[in-house]
Amino acid sequence: MRLLLVVAACVLSLSLLTVSAPAGDLPPAEANAVWNYITKVSPYRSWKQWPDYQGVHTSRSPHGKTNQVWVNRVALHSRKVPLDYGAMEVKEAYDAQGRLVSVAVMYKVKGYNPGAGDWFWALYTPEGKPKRAGKPRGCISCHGAAAGNDYVTVHRLP
Ligand code: HEC
């Protein structure tokens, strides 16, 4: 009898897990979970780009010579400051030869960092190893120059 109860409890908790974590769900604000999301669950290369920032651009940032940025649907459909929760931006940075040198992410998570736009920040190697993640002061202070545009530097929100 007790065994039956244990089995029943396991089955129940497994089904609850499935219900609470469907495949398309947004990831928690954690570097590896976010990398998994943007490369496997919803590959960012299949996302769109801002209408006013398409293709490869010369970098003004310290992340490489050139860059291009993809945005998820939530970001793309955000019509004003601040962007909607769940918005993500992914920037690929390239060296002078056009080789990928890093992947930078901004991900808007409700309650994550209310003092600085609730953005989760992460910088990865091309292989997905996190070099910086969370609330790095460097990312926030430089992007802070665009705080009035919700820390977004490549697209002007109305
Ligand atoms: C010294 C300034 C500076 C620092 C530090 C900086 N960035 Fe940026 N970032 C920029 C600029 C400028 C752009 C515009 C594109 C470019 O020139 O590379 C940008 C663009 C981006 C974008 C594309 C979305 C957008 O429009 O803003 C992401 C994502 C991003 N940065 C993430 C990060 C992360 C993560 C960090 C910290 C690890 C970081 N940045 C640190 C200046 C900075």
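Colleague: Is D118 buried or exposed in this model?
Modeller: In this predicted model, D118 is found in the loop between β4 and β5. Within 10 Å there are 20 other C-beta atoms, and a residue counts as buried at 20 or more. D118 is therefore buried.

Colleague: What is the phi of D118?
Modeller: D118 is a residue other than glycine, and its phi is positive. The value is near 60°.

Colleague: How many residues surround the ligand, and which are the closest?
Modeller: The shell around the ligand comprises 25 residues. The closest of them are S61, A104, C139, C142 and V154.

Colleague: Which element gives the largest share of the shell around the ligand?
Modeller: Two or more residues each come from β2 (66–71), β3 (88–94), β4 (100–108), β5 (119–124) and α4 (137–143). The largest share is four residues. The element that supplies this share is α4.

Colleague: How do the residues of the shell around the ligand divide into nonpolar, polar and charged?
Modeller: Cys and Gly need care in this division, as Cys counts as nonpolar and Gly as polar. On that basis, the shell holds 13 nonpolar residues, eight polar and four charged.

Colleague: Which pattern does the protein chain follow along the sequence?
Modeller: The secondary structure comes to four helices and six strands. Read along the sequence, these elements give the pattern α-α-β-β-α-β-β-β-β-α.

Colleague: What percentage of the residues in the protein chain is buried?
Modeller: The protein chain has 158 residues. D118 and D150 are both buried. For the protein chain, the buried share is 27%.

Colleague: Among contacts between residues at least 6 apart in sequence, what share joins residues at least 24 apart?
Modeller: Two residues are in contact if their C-beta atoms lie within 7 Å. Among such contacts in the protein chain between residues at least 6 apart in sequence, the share joining residues at least 24 apart is 39%.

Terms used. Residues numbered from 1 in each chain as written. Predicted model: local features only at pLDDT ≥ 70, side-chain atom pairs only at ≥ 80, totals over all residues. Buried ≥ 20, exposed ≤ 12 C-beta atoms within 10 Å, placed from the backbone. Near = placed C-beta within 6 Å.
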